[in-house]
Amino acid sequence: MNKIRYALARFMAGRYGVDELYRASNVLCLVLIVAGAFFMSPILNMVLWMLMLWSIFRSFSKNIEKRRRENEKYLSLTKPLRKRFSRLERRIKNVKAFRFRTCPRCKAFIQMPRAKGKRLINCPRCHNEFEARVIL
């Protein structure tokens, strides 16, 4: 088993490998596979295969700098969406212990202990004081 692992490591040496864009394209491939099962479209299958080949090409590419720039561009374009999902995930995980508000001035995401009533909140980013109501 170690021989296969070392052979694969030697093959991948100097190649780009896996990044966030690769993972996103694989998720999109899965979605297209499921959609293809329902619609049976040759165009959808062609798009699926092109996306899969492009994804594999990126991971085996030796032009690391170009692949890094592509991934940076993808990350910058999806940053607002990823930030929103990250906040949602944090809210769901901490719903029993905390309440969340946004600062009216700078729109900072503020986490506060769960306690019923009105409270005065000082924004950690812009130091704006505002009142927030917590309902349990």
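A: Let's start with a term: helices (H or I, at least four residues) and strands (E, at least two) are DSSP runs, numbered from the N terminus. This is a predicted model, where local features need pLDDT of at least 70 and side-chain atom pairs count only at pLDDT 80 or more, while totals for chains, interfaces and linings use all residues. Residues are numbered from 1 along each chain as its sequence is written, and side-chain values use heavy atoms, leaving out hydrogens and water.

Q: Which residue forms a salt bridge with Glu 20?

A: In general, side chains of opposite charge can pair when their charged atoms come close. The cut-off is a side-chain nitrogen of Lys or Arg within 4 Å of a carboxyl oxygen of Asp or Glu. Here Glu 20 pairs with Arg 23, their closest N and O atoms being 3.1 Å apart. Both sit in helix H2, three residues apart, or about one turn of the helix. Search the whole structure and you get nine salt bridges.

Q: At what angle do H2 and H4 pack?

A: Two packed helices are described by the angle between their axes and the distance between the axes. Axes are lines fitted to C-alpha atoms, for helices over the stretch in contact, with angles from 0 to 180 degrees between N-to-C directions. Helix H2 (residues 20–39) packs on helix H4 (residues 64–93) at about 65 degrees, with the axes 8 Å apart. That makes H2 roughly perpendicular to H4 (angles of 65 to 115 degrees count as that; under 35 is roughly parallel, over 145 roughly antiparallel, and the rest oblique).

Q: Which residues in H2 and H4 meet?

A: Contact means heavy atoms within 4.5 Å. Glu 20, Leu 21 and Ala 24 in H2 touch Glu 70, Asn 71, Tyr 74 and Leu 75 in H4.
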